[in-house]
Amino acid sequence: MLIDIVSVFPEYFSVLDLSLLGKAQSKGLVEVRAHNLRDWTHDVHHSVDDTPVGGGAGMVMKPAVWAECLDELLGLEPVDMPQVDPTAELWDEPVVGGDTTGGDTIDEGTAKGADGAAKPDDAVVSESVSEPVPLAEASESADSDTVLIFPNPSAPLFTQRDATQLSHAGHLVFGCGRYEGYDARVPRYYKARGVDVREYSIGDYVLNGGEVAVSVMLEAITRLLPGFMGNPDSIVEESYTGSNALLEHLQYTRPTTWRGISVPEVLTSGDHGKVDRYRRDQALARTADIRPDLIEKLDCTALSKADRKTLIALGWEVSGRNPRRL
């Protein structure tokens, strides 16, 4: 996998040379290239931003600089696209033209969004926002194995499902916003050019820039690459993993008694069936307590009799398509 990262602070990504991601680069599984956006400027001050159109505080990153950089990284020639709707959400269809309907939207209002475009006031992004375009459906005008990604606090939430999907791409290009964010026309332009473009939020908060968010997404994506993890089984039963995703059960190691606190007795019983059932029940209980929204998304037809019994004991009705809290 080739990973290009564009930032005004490319040195930030030296951290990617550490730990497992550093080893993956040494083994040739991943190639990470961090680029300085200012290298594509032409003025003496290497300016990448300008004042917001319509007024307001802060500065917005200029589309011309981003375009020169991204054209080079994506292998595209500059083309005017006057038919692109500059207000369409990337997860809506289509971007070309004037239709901006469809999909869940974010609360209206504007505020600072330092790691992306302008952020709505107190926006809470729904996880039910329509899914991004699958990798295989990218237009022939761009490399269908390439995905262009911008962190943005106003975008849909980045999930384990997204990380899994993106782990199958051959080329990821990340754009790190700063100040008030990048000009909103940039991602819309490249989507209209046939590039698979995504905007993701990593949580309901705002950062100084997109670098931290890119690091988070990269770690979630690359650890899923074949050969990345020393023990591939370690990622099979993690939180948020699989179609019926749950939070993971608690983990313990030796000594079995530490400072007077013993691990649950069943884990030392040697009965692997009981251990598996205990861990599954704990995962269901923890998820019901901490993230009941994940329980509500479970497919009851895919649950075992023991799973349904546990959920009933936890106060859930499981006779329908999805569990429902009683």
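## An aromatic cluster

Ring pairs join Trp66, Phe150 and Tyr182 into a cluster. The structure is a predicted model, and by the rule applied here the count of aromatic pairs comes to five. One of them is formed by Tyr12 and Phe13, whose ring centres lie 5.2 Å apart with the planes at 75°, so this pair is edge-to-face. Tyr12, at 36% relative accessibility, counts as partly exposed, whereas Phe13, at 5%, counts as buried.

The rings of Phe150 and Tyr182 have their centres 4.7 Å apart and their planes at 40°, so this pair is tilted. The pair links distant parts of the chain: Phe150 belongs to strand β5, Tyr182 lies in the loop between β6 and α4, and the two are 32 residues apart. Both Phe150 and Tyr182 are buried.

## The chain as a whole

The chain has 326 residues, of which 43% are buried. Its secondary structure comes to eight helices and 11 strands. Among contacts between residues at least 6 apart in sequence, 71% join residues at least 24 apart. The chain exposes about 17200 Å², and carbon and sulfur atoms supply 52% of that area.

## The parallel sheet

Five strands form an open sheet in the order β2-β1-β6-β5-β7, and the pairing is parallel. The edge strands are β2 (31-36) and β7, each of which pairs on one side only. From one strand to the next, the twist averages 20°.

Several pairings within this sheet can be followed residue by residue. Strand β1 (residues 2-7) is joined to β6 by five bridges, and the two run parallel. Strand β5 (residues 146-151) pairs with β7 in the parallel sense over five bridges, and β5 also pairs with strand β6 (residues 171-175) in the parallel sense, over four bridges.

## Strand β6

Strand β6 is mostly covered, with five of its five residues buried. In a regular strand the side chains alternate between the two faces of the sheet. In β6, His171, Val173 and Gly175 point one way and Leu172 and Phe174 the other way, and all are buried.

Asp4 stands opposite Val173, and β1, which contains residues 2-7, is joined to β6 by five bridges. Leu148 also stands opposite Val173. Further along, Ile149 stands opposite Phe174 in β6.

## Helix α4

Helix α4 lies across β5 and β7 and runs at about 150° to β7. Six of the eight residues of α4 (residues 185-192) are buried, so the helix is largely enclosed by the rest of the structure. The buried residues are Val186, Pro187, Arg188, Tyr189, Tyr190 and Lys191.

What covers the buried residues of α4? The cover includes helix α2 (63-74) together with β5 and β7. Helix α4 is followed by Gly194, whose phi is positive, near 100°.

## Cysteines

A disulfide is a covalent bond between the sulfur atoms of two cysteines. The structure holds zero disulfides. Are Cys69 and Cys300 buried or exposed? Cys69 has 0% relative accessibility and so counts as buried. Cys300, at 3% relative accessibility, likewise counts as buried, since the cut-off for a buried residue is under 20%.

Technical notes
Residues are numbered from 1 along each chain as its sequence is written. This is a predicted model: local features need pLDDT of at least 70, side-chain atom pairs count only at pLDDT 80 or more; totals for chains, interfaces and linings use all residues. Side-chain values use heavy atoms; hydrogens and water are left out. Two strands pair if DSSP finds at least two bridges between them. Buried means under 20% relative accessible area, exposed over 50%, partly exposed in between (1.4 Å probe, protein chains only). Contact means heavy atoms within 4.5 Å. Axes are lines fitted to C-alpha atoms, for helices over the stretch in contact, and angles run from 0 to 180 degrees between N-to-C directions. Accessible areas come from the Shrake-Rupley method with a 1.4 Å probe; for residues, only the protein chains shown count as cover. A disulfide is a pair of cysteine sulfur atoms within 2.5 Å. Rings of Phe, Tyr and Trp (its six-membered ring) pair if their centres lie within 6.5 Å; planes under 30 degrees apart count as stacked, over 60 as edge-to-face and the rest as tilted.
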